[in-house]
Number of protein chains: 2
Amino acid sequence: MAPVKVGLLGLGTVGSGTATVLKRNAEEIARRAGRGIIVDFVATSKSELPAGVGLSNSRITNDPYDVVNDPEIEIVVELFGGTEPAKSLVLQAIANGKHVVTANKALIAEHGNEIFARAQEKGVIVAFEAGIAGGIPIIKALREGLSANKINWLAGIINGTGNFILTEMRDKGRDFQDVLKEAQALGYAEADPTFDVEGIDAAHKLCILSSIAFGIPLQFDKTYTEGISDISSDDVDYAAELGYSIKHLGIAKQTDKGIEQRVHPTLIPKKRLIANVDGVMNAVLVHGDAVGPTLHYGAGAGSEPTASAVVADIIDIARALTSDPENRVPHLAFQADSLSDLPIVSMDQVETAFYLRLSALDEAGVIAEITRILGDGNISIEAFIQKEPKDDGKADIILLTKVVNEGAMNDAIKKIEALNVVSGKVSRIRVESLS
Amino acid sequence: MAPVKVGLLGLGTVGSGTATVLKRNAEEIARRAGRGIIVDFVATSKSELPAGVGLSNSRITNDPYDVVNDPEIEIVVELFGGTEPAKSLVLQAIANGKHVVTANKALIAEHGNEIFARAQEKGVIVAFEAGIAGGIPIIKALREGLSANKINWLAGIINGTGNFILTEMRDKGRDFQDVLKEAQALGYAEADPTFDVEGIDAAHKLCILSSIAFGIPLQFDKTYTEGISDISSDDVDYAAELGYSIKHLGIAKQTDKGIEQRVHPTLIPKKRLIANVDGVMNAVLVHGDAVGPTLHYGAGAGSEPTASAVVADIIDIARALTSDPENRVPHLAFQADSLSDLPIVSMDQVETAFYLRLSALDEAGVIAEITRILGDGNISIEAFIQKEPKDDGKADIILLTKVVNEGAMNDAIKKIEALNVVSGKVSRIRVESLS
């Protein structure tokens, strides 16, 4: 068969990786796909091509519309990132009947419903494995490998920067700000780290995973998002003392009330495999009703790991080029006309256990007052630690509660913070057993 | 679209699980596949159907050929296990133009080359995800999710019984025979445990993984197979002391000399995620040139975990029914005419590090003699522990070597065993860093 001609939008980290992998593994890939894959046309603003990417036979342009409008191109690979011009380019490519591969989670999370609808009309594929957890084939696992299951829940470490920071805090007792600076120096975190450490990037990925797991439309704006910038090294230490690691998780869960879609720091038992996923690595734990727990682990970012997913998507499309569009794997795992209108559950209805840390005067009756407030809210205590008082006469109190409704917990926290003997805010981190 | 009609051969553990999952998740599955999936015809020797499997509308027969020859059946699901009559039934189903799903690793490992050739001629699919690592979608990950990569190596815990035994030995200091008896009582191990503990089951699975990873024909008979029955609780303890866990691994590796395909007990660093895969759970660690390491973890056996993979394969076929056979994912990941004739490397050419344990008289000069023999063989020592002598005046000596050719190691071991001061055999276990 004739080689498939690919058009590449962008020659940054992932674009260069994609060209490099397609070149280096050209023979393996042709043996797998049954045909060659050629980067025929590249849009880049760079005046010089990166070394080693092997694009000497490719056409180059600085106008990406040259690529999406080129009649020779069968698959457009969008690696610009961000919303525009990516969205317009992808829609134009679809309108031109081209298949699309993208690593752009923001684009899919925020505009995927529209993009997939257009793709459906035109009978083309939009593939986005590279957008979530880098090289881990988690979209494929959820959409195809675990398709027999009703997914009960999934929990993922899906932002490598955040995981690097929390790992360093735990292993070296360092502060958040200190590690963040190092992560920026190492190139793991952007100059503006908000996207990573405040959970927006993870929320983009989570809402995509949730859609595919539960067959619901993409609903990024309903994803609860809480970052890790308030986690102190004390919290990390106390969690360890209690047998837990703190991980920044994206959690999607089906309950009687609907779908929970939430990104937040989470205490998880140290003995869980996912609690030992450290540094910049990613992992997604999926719990299906038939299969039970499965864990999918790998590099969540980086040039070639992300390219691994981009190229796998290209090969998938090459293999499916002659298939009947109606029989292809649907974009969101479920058929477009079979998506569900299950509501996204608001956070005050979510139920989890909690870790609480507060600073209180070392006086008689303090514990009685706190436990009375919790008791009044029907909040059971799983563990209670009172530390030695510090020089200022205040002592850290650390509590683990049993599973409780988040609204009830918030009410109780307000009452505890109003106590005269308690100073400052109560730190609270959700706890998940992941069993 | 009309529902897909499936014929089920066998209603044992996996067959019942398959019927149960197809019934319980019928709505989810139809939403995913775009059509229903119906178990229309079942071959079973049972006189009564298991409860809850929901086959009240299915035809039942005790002659499996009724199913494979039935014109209504589009997909035959073979769950008898073993070589015959499974092989004849599968070939007959293929001859009749039916797609086949099987959980039968022995059949695929030993007869897959012939079966896939026949399937290729008839343009039908033979799917076998359930045969390897139960519910973990590892075949799909290797064949599609990681298809951009040249696979460097993979290492898997792919027999749950063996992993349960080694985990109990480590965690509770128990002996092999003692745990084996419990595993048999729990139903994890068969009355004849040879298949599991001597590595034959793992070798079946490994040769399939190796074919898919490297694009070579199935070569079960060239797979090196060593069991765990000689592992002592001393070995487990000493390994832990050195920072290692002992796992029974299936390892497939591409080197300059060809493909290594070997199943044996292995010391692996405790800090690796896969070293913490315990009990009956399975995991496969895959190292690709672009993606780096990925780990795929889940239940390796059991009724519904295995059914999860069977049903996923059925859904895959349902989705691909109208696709052009030439554009489907090839059975062994690589196109049938693109398989490679890379040789399987014989064990004496394999290079690994080694753990050695021996018992020697507590006399001056013993260590000098042993280290001289190793030095003469150009075998470097990474760690050396001499234990306190026991009551019989003999002391355990434990060595970790650097990476060495297996042939050279065997020669050195023979010389060490010939020393007067050394009593009995030298225990040797291969060591892999998995980095």
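User: How many residue pairs are in polar contact between domain 1 of chain A and domain 2 of chain A?

Analyst: Happy to start there: the count is 9 residue pairs, both residues at pLDDT 80 or more. A polar contact is a pair of N or O atoms within 3.5 Å; within protein, one must be able to donate a hydrogen and the other to accept it, and residues adjacent in sequence count only if both atoms are side-chain atoms. On the domain 1 side, α5 (105-122) and α12 (303-320) of chain A each supply at least two residues, and α5(A) gives the most, with 8 residues. Helices here are DSSP runs of H or I with at least four residues, strands are runs of E with at least two, and both are numbered from the N terminus.

A word on the model: it is predicted, so local features need pLDDT of at least 70 and side-chain atom pairs count only at pLDDT 80 or more, while totals for chains, interfaces and linings use all residues. Residues are numbered from 1 along each chain as its sequence is written, chains are lettered from A and ligands numbered from 1 in the order in which they are written, and side-chain values use heavy atoms, with hydrogens and water left out.

User: Where do the domains of chain A lie?

Analyst: Domain 1 covers 4-135 + 304-338, domain 2 covers 138-299 and domain 3 covers 351-431. These bounds come from an automatic or database domain assignment. The C-alpha centres of domains 1 and 2 of chain A lie 26 Å apart, and their contact (heavy atoms within 4.5 Å) takes 24 residues from domain 1 and 22 residues from domain 2.

User: Why is the pair A:D316 and A:K140 called a salt bridge?

Analyst: The rule asks for a side-chain nitrogen of Lys or Arg within 4 Å of a carboxyl oxygen of Asp or Glu. The side chains of A:D316 and A:K140 meet at 2.8 Å, N to O, so the pair qualifies. Across the interface of domain 1 and domain 2 of chain A, the rule finds 2 salt bridges.

User: What makes the pair of A:F116 and A:F128 tilted?

Analyst: Rings of Phe, Tyr and Trp (its six-membered ring) pair if their centres lie within 6.5 Å; planes under 30 degrees apart count as stacked, over 60 as edge-to-face and the rest as tilted. A:F116 and A:F128 are 5.4 Å centre to centre with 35 degrees between the planes, so they are a tilted pair. A:F116 sits in helix α5 of chain A and A:F128 in the loop between β6 (126-127) and α6 (138-145), 12 residues apart.

User: What is the buried area between chain A and chain B?

Analyst: About 5100 Å², of which carbon and sulfur atoms give 51%. Buried area is the accessible area (1.4 Å probe) that two parts lose on being put together, summed over both.
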